[in-house]
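Please examine the sequence and the structure shown here before reading the briefing.

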Amino acid sequence: NFCEFCLSNLSLSHLATSLPLPSERDHLRPRIDLIVFMIDIKSKYSLKNVETSLAYVDASFFLGKVCFLATGVGRLNSCSVETNVICKLGETYNSPVLFCELEVRLATAQRLLRILQICAGHIPGVSALSFVSLMRNSYDY
Amino acid sequence: REKQGLRRGKRERKRRRRRLLPSGRPPQRWRRRRGPARGLTGGGSNVFFLLFSPPPPPQEIVDPQKTAFLLRKAWTLYSVTPLYRFHRARLRDYARLLSAFIAAEKQKGLAVEVGVELDIRVTVSSIAELRGSEQDQPAVLVQLSSRSRASSRSSEDKLVWSGCFCSVFGDDLSENVLEGFTCLPLFLTHGAESYTSMVGRWFQKTFDCCFRRLAISPLNLSWMVAMWAGSKLDRAASAVELVFSVPRLLQPLDISYAIHPEDAKELWDTVQKTPGEITQEEVDVFMDCLYSHFHRHFKIHLSAAKLVKVSTAVASAHCDGIVKLLHSQYFLGVLMILTELAISQIQ
């Protein structure tokens with residue numbers, strides 16, 4: 001239902017359980033502005049799934065059009081994936097990591113929407129790459 | 001800020017790499033030493049590493065009788081912040097005050113005289129054998145027993161509740177503690193919850209400490225099963241069992257995955273590179289092997305389920321923070337990892 005919520009907010013978003021996308025609908029597919037990889041830290045499988053899917057993403061997407069969304073962070077006691085493994089993933093793929101709890105999905109959806117607006121070029125004066133580098137710099141401090 | 005960063009770095013390193021107590025030996029004492037970095041960060045920064053000191057003198061060998069009470073019981077885990085003004089010389093006074101407190105709680109509103117014979121007898125004792133190194137404070141055992149009024153005085157009291165404060169290689173915490181505080185970060189209880197809360201309230205009031213249930217994350221459970229499945233055991237060991245709970249179903253579904261202990265050990269031996277030391281990568285490989293074997297047979301991704309319980313011949317642990325120590329040789333190792341978890345919860 002989080003995804004439905006995002007879908008209703010981001011009217012153009014699409015969901016896939018894993019990559020690569022099926023090739024038979026390639027000609028109908030709209031432009032992709034942003035790929036959000038969702039990782040449930042309660043499930044190691046979701047991390048593995050994201051890791052294998054990343055291999056199918058074109059390198060140019062990592063210049064600001066990919067972000068990782070780690071969910072379930074509010075309950076560290078039930079975590080199956082270390083948070084610094086996800087941070088490392090973000091570092092390796094030069095992409096920002098958002099940590100969230102699905103109970104406060106409105107705030108997360110708004111952040112994603114903002115990132116999407118930037119990635120799609122709807123915010124004048126900010127490019128996806130510069131925005132992502134800004135976000136990455138903010139982790140170091 | 002730099003200091004904080006250093007400490008965080010140290011803790012992260014520690015989490016990714018753990019050392020084990022060597023099998024079948026009395027507790028080894030570890031010495032912390034500062035030394036030059038070895039290929040990790042290079043340059044002049046300091047890295048902590050652990051060294052084994054010479055074997056302890058024979059009188060320090062754990063007396064199995066003194067710690068046997070810990071074995072084969074389900075212990076509920078709590079983390080405790082350092083106790084303020086806890087004096088080991090006053091254990092007898094504490095026992096008297098605590099038993100009066102319990103009696104008062106039981107008959108709220110009535111005055112209770114300190115020191116008279118009460119239904120619940122409290123003993124507070126120090127167990128010097130139960131600690132990891134000399135930096136650790138000796139454990140404190142609190143026992144509640146009820147007297148049967150009908151029978152004669154000489155008849156034995158019945159133990160109704162016990163709680164044990166301990167610290168096994170909890171150097172991380174005791175190094176930085178302020179004067180006047182006693183560090184016993186791990187609290188294990190066995191018995192009725194009502195007594196746990198009474199004893200907890202008294203300690204909280206008397207020593208200004210704070211208790212919190214210590215849950216064990218699936219990540220730490222997988223550490224434990226890898227550590228324990230690889231332990232050498234003399235006698236015929238019981239099966240290694242992992243219990244998973246499948247999330248997001250209308251009816252709860254648990255999957256139990258039992259492995260022959262020799263198979264588990266054989267698998268672990270092929271995974272582990274340096275004996276006596278475990279890394280996160282090795283734990284991941286071990287678990288992935290078990291998951292893929294299960295998937296081959298049942299087409300179920302166990303990695304998508306939540307690991308809720310592990311049991312081996314060494315110990316069993318539930319994610320709600322309930323632990324059973326099963327092996328007299330390895331209980332210090334088990335308490336060491338639990339102390340580490342308790343410290344990370346209160347820091």
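This is a predicted model: local features need pLDDT of at least 70, side-chain atom pairs count only at pLDDT 80 or more; totals for chains, interfaces and linings use all residues.

Residues are numbered from 1 along each chain as its sequence is written, and chains are lettered from A and ligands numbered from 1 in the order in which they are written.

**Chain A as a whole**

- Chain A contains five helices and three strands; helices (H or I, at least four residues) and strands (E, at least two) are DSSP runs, numbered from the N terminus.
- Along the sequence, these elements of chain A follow the pattern α-β-α-β-α-β-α-α.
- Chain A has 141 residues, of which 28% count as buried. A residue is buried if 20 or more other C-beta atoms lie within 10 Å of its own, exposed if 12 or fewer, and partly exposed in between, with C-beta atoms placed from the backbone.
- Among contacts in chain A between residues at least 6 apart in sequence, 78% join residues at least 24 apart. Two residues are in contact if their C-beta atoms, placed from the backbone, lie within 7 Å.

**The sheet of chain A**

- Three strands of chain A form an open sheet in the order β1-β2-β3, with parallel pairing; two strands pair if DSSP finds at least two bridges between them.
- β1 and β3 (97-100) of chain A are at the edges and each has a single partner strand, so one side of each is left without a neighbour in the sheet.
- From one strand to the next, the twist averages 20°. Axes are lines fitted to C-alpha atoms, for helices over the stretch in contact, and angles run from 0 to 180 degrees between N-to-C directions.
- Strand β2 (residues 66-71) of chain A pairs with β3(A) in the parallel sense over four bridges, and Phe68(A) stands opposite Val97(A) in β3(A).
- Helix α3 (residues 83-92) of chain A lies across β1, β2 and β3 of chain A and runs at about 175° to β2(A).

**The contact between the chains**

- Chain A gives 12 residues to the contact and chain B gives 10 residues.
- On the side of chain B that touches chain A, the elements giving two or more residues are α6 (218-229) and β15 (306-311) of chain B.
- That side of chain B has five nonpolar, three polar and two charged residues. Ala, Val, Leu, Ile, Met, Phe, Trp, Tyr, Cys and Pro count as nonpolar, Asp, Glu, Lys and Arg as charged, and the others, Gly among them, as polar.

**A helix pair in chain B**

- Helix α7 (residues 261-271) of chain B packs with helix α8 (residues 280-298) of chain B at an angle of about 135°, their axes being 10 Å apart.
- That angle makes α7(B) oblique to α8(B); angles under 35 degrees count as roughly parallel, over 145 as roughly antiparallel, 65 to 115 as roughly perpendicular and the rest as oblique.
- Leu267(B), Trp268(B) and Val271(B) in α7(B) meet Glu282(B), Val285(B), Phe286(B) and Cys289(B) in α8(B).

**Backbone features**

- The peptide bond from Leu19(A) to Pro20(A) is cis, with omega near 5°.
- Arg85(B), a residue other than glycine, has a positive phi near 55°, and Arg85(B) counts as exposed because it has 11 C-beta neighbours inside 10 Å.
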